[in-house]
Amino acid sequence: VEAVHLIADGKAPRIPQPKEGATYEGIQKKENAEISWDQPAAALHNWIRGHDKVPGAWATIDGQVVTFYGSSLLDASVPAGQELAMKGASRPGLVTKNGLVIFGNDGKMVLVRNLQFEDGKMIPASKYFSADETTALELTEEEKKMAEDIR
């Protein structure tokens, strides 16, 4: 009760918390989440996973910032895929049917499942080279009739 009265009267002591021994990390900023490619695959995976969802680990691809989401270590032979050059990476990534395979400096691989572009558009990493393609929705006769009934 005494403490409440001191606070209400504006007379409570104010003791700043010492920074020594503090464990709180400040909010991560996007500019600090760029991927450093000169690391083993496990470190790349942990970096991407540690920044998943906010702020998102990112790299520059084709002159734009692309954010990586959903990584996992890949313990298999190098899959077939289309090469994708990434700024600062010593080895290009591979866009495969399962996602984007990136390589650590130890030669091991990380699979990234989703990519997000600067405009906010997120795609499966496996669709990187087909991201600009759009498919028209074609309805069957039954679906056209249902759409008309709904209207």
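Let's start with His-51: its side chain reaches the backbone oxygen of Trp-47 at 2.8 Å. Keep in mind that this is a predicted model. His-51 sits in the loop between helix 2 and strand 1. Is His-51 buried or exposed? Buried, because its relative accessible area is 7%, and the cut-off for buried is under 20%. Leaving out residues up to four places away in sequence, His-51 touches Gln-28, Ala-33, Gly-56 and Ala-57.

Now the cores. The largest nonpolar core has 22 residues. Which of them have the most contacts inside it? Ile-35, Trp-37, Phe-68, Leu-100, Ile-102, Val-112 and Leu-115. The elements giving two or more residues to this core are helix 2, at 41-50, and strands 1, 2, 5 and 6. Strand 2 covers 64-74, strand 5 covers 99-103, and strand 6 covers 109-116. There is also a second, separate core of five residues. Leu-94, Phe-103, Met-109 and Leu-111 are among them.

Take Leu-100 from the largest core. Setting aside neighbours within four places in sequence, its contacts include Phe-68, Val-112 and Leu-115. Leu-100 also contacts Leu-94 and Leu-111, and both of those belong to the second core.

Last, Thr-60. This residue is in strand 1, residues 57-61. Thr-60 is buried, because its relative accessible area is 17% and buried means under 20%. Beyond residues up to four places away in sequence, Thr-60 touches Met-86 and Lys-87.

Definitions and conventions:
Residues numbered from 1 in each chain as written. Predicted model: local features only at pLDDT ≥ 70, side-chain atom pairs only at ≥ 80, totals over all residues. Heavy atoms only, no water. Helix = DSSP H or I, 4+ residues; strand = E, 2+ residues; numbered from the N terminus. Buried < 20%, exposed > 50% of the residue type's maximum accessible area, 1.4 Å probe, protein only. Contact = heavy atoms within 4.5 Å. Core = buried A, V, L, I, M, F, W, Y, C linked by side-chain atoms within 4.5 Å. Polar contact = N/O pair within 3.5 Å; in protein donor to acceptor, adjacent residues only side chain to side chain.
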